[in-house]
Amino acid sequence: MSDNIKKPVRVLHVVGGMNRGGTETWLMHILRNTDREKFHMDFLVHTSERCAYDDEIRALGSKVIFCANPSRPLQYIRNLKRILKEYGPYDIVHSHLHHFSGLVLYAAHMAGIPIRIAHSHSNTLIRDKSSKFSRKTYLTLMKHLIRRHATCGLAASRLAAVALYGANWETDPRWRVLYCGIDLAPFRESICHAQVRTELGIPKDALVIGHIGRFEEPKNHSFLVDIAVEVLKRNTNAYFLLLGDGHLRNFIKNKVASLGLSDRFIFAGVRSDVPRILKGAVDIFLFPSLYEGLGLVLLEAQAA
């Protein structure tokens, strides 16, 4: 059979939701640059809410498929198997849900998917060690399911590999490190610093300390605010620019207000022009995460 009439390899990526996070942005880089005659990518998500990348995904010919009940394993497995049958056949199921990938790959195996990939994007070793008994039981079960049902396991870094596949991960040829890359083209564009800062309401001569990340517990925004208090004791012309959204955003804004620092914090929300913001406004990038795998925004900060 000639190449031009071969069917594309069909891949289902499993994520929480296609918002502007590191993993999701990396997947979008892949989707935009993939030869869609050779590979077709769909995305299974755990939220029925509209996410930032949904429209672009659909415009590129892929699907965003909602799978309900991730907190109810038996119902979730039934829903996932139904989706695999309804939207398939898929050649590959690629799960980006860390430990929860165990359940995803179990269902994919039961559905007859030949290639099943787990992907560790985070080094959660410290958090996992301090977990309560019930969570440690869950982690043990999920790791067992991954070992049993994954045909391949990827990790964003060596520590991320240890977190999901164990300290001896290198002895199993299924597990490997895949360093994630970014698109450098937007960082080559010329930027007017004064214009970017004016748009954000930041003085041209200010020292701007930036952070990009979801307002969730792992990103450690509360400690970032504590750092700001100390920085402002030493530099009264410092400003803090925070990009992102999440459940803890209002909590952090309230903490900033309670300290009387609202005039020194800019909560810029979710942005599609991160390279422009980094190049045009940020002097120092601050990233006090409790844990990461390979924070792609650190690569973006380096590129900027």
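# Chatting through the helices and cores

Author: Let's start with Val274, which sits in helix 11, spanning residues 274–281. Keep in mind that this is a predicted model.

Reader: Okay. Is Val274 buried or exposed?

Author: Val274 counts as buried, because its relative accessibility is 13% and the cut-off for buried is under 20%.

Reader: What does Val274 touch, leaving aside its neighbours within four places in sequence?

Author: Ile212, Leu243 and Glu300. Glu300 is 26 residues away from Val274 along the chain, and their C-alpha atoms are separated by 8.3 Å.

Reader: Staying with helix 11, at what angle does it pack with helix 8?

Author: Helix 8, residues 193–200, packs with helix 11 at about 105 degrees, and the axes are 8 Å apart. That makes the two helices roughly perpendicular.

Reader: Which residues meet there, helix 8 to helix 11?

Author: From helix 8 you have His193, Gln195, Val196, Arg197, Glu199 and Leu200, and they meet Arg276, Ile277, Lys279, Gly280 and Ala281 of helix 11. By type, the residues of that contact are four nonpolar, three polar and four charged.

Reader: What about helix 4 and helix 6, what's the angle there?

Author: About 35 degrees, with the axes of helix 4 and helix 6 lying 7 Å apart. Their crossing is left-handed.

Reader: And how many charged residues are in the contact of helix 4 with helix 6?

Author: No charged ones; the contact has seven nonpolar and four polar residues. On the helix 4 side are Ser101, Gly102, Leu103, Leu105, Tyr106, His109 and Met110, while helix 6 brings Met142, Leu145, Ile146 and His149.

Reader: One more pair. How do helix 9 and helix 10 cross?

Author: The axes of helix 9 (residues 221–234) and helix 10 (residues 249–258) come within 10 Å, crossing at roughly 20 degrees. That makes helix 9 roughly parallel to helix 10. The crossing of helix 9 and helix 10 is right-handed.

Reader: Switching topic: which residues in the largest nonpolar core touch the most other members?

Author: The largest nonpolar core has 32 residues, and the ones touching the most other members are Leu44, Tyr76, Leu80, Val93, Val104 and Tyr165. Strand 1 (9–14), helix 3 (73–87), helix 4 (101–110), helix 6 (133–149) and helix 7 (158–165) each supply at least two residues of that core. There's also a second, separate core of 19 residues, with Val11, Met18, Leu27 and Cys180 among them.

Reader: Where is His98, and what's its phi?

Author: His98 has a positive phi of about 55 degrees although it is not a glycine, and it is placed in the loop between strand 4 and helix 4. His98 counts as buried, at 11% relative accessibility. Most residues other than glycine have a negative phi.

Reader: Which residues does a cis peptide bond join?

Author: Gly88 and Pro89, with omega about 5 degrees. Pro89 falls in the loop between helix 3 and strand 4 (92–95).

Reader: Last one, His119. Buried or exposed?

Author: His119 counts as buried, at 0% relative accessibility, and it is in strand 5 (residues 115–120).

Reader: And what is His119 in contact with, again skipping neighbours within four places in sequence?

Author: Trp26, His94, Ser95, His96, His98, Leu154, Ala155, Leu164, Tyr165 and Leu178. Trp26 is 93 residues from His119 along the chain, and the C-alpha atoms of the two are separated by 13 Å.

Methods:
Residues are numbered from 1 along each chain as its sequence is written. This is a predicted model: local features need pLDDT of at least 70, side-chain atom pairs count only at pLDDT 80 or more; totals for chains, interfaces and linings use all residues. Side-chain values use heavy atoms; hydrogens and water are left out. A nonpolar core is a set of buried Ala, Val, Leu, Ile, Met, Phe, Trp, Tyr and Cys residues joined through side-chain atoms within 4.5 Å. Buried means under 20% relative accessible area, exposed over 50%, partly exposed in between (1.4 Å probe, protein chains only). Helices (H or I, at least four residues) and strands (E, at least two) are DSSP runs, numbered from the N terminus. Axes are lines fitted to C-alpha atoms, for helices over the stretch in contact, and angles run from 0 to 180 degrees between N-to-C directions. Angles under 35 degrees count as roughly parallel, over 145 as roughly antiparallel, 65 to 115 as roughly perpendicular and the rest as oblique. A crossing is left-handed if the near helix is turned anticlockwise from the far one by less than a right angle, and right-handed if clockwise. Contact means heavy atoms within 4.5 Å. Ala, Val, Leu, Ile, Met, Phe, Trp, Tyr, Cys and Pro count as nonpolar, Asp, Glu, Lys and Arg as charged, and the others, Gly among them, as polar.
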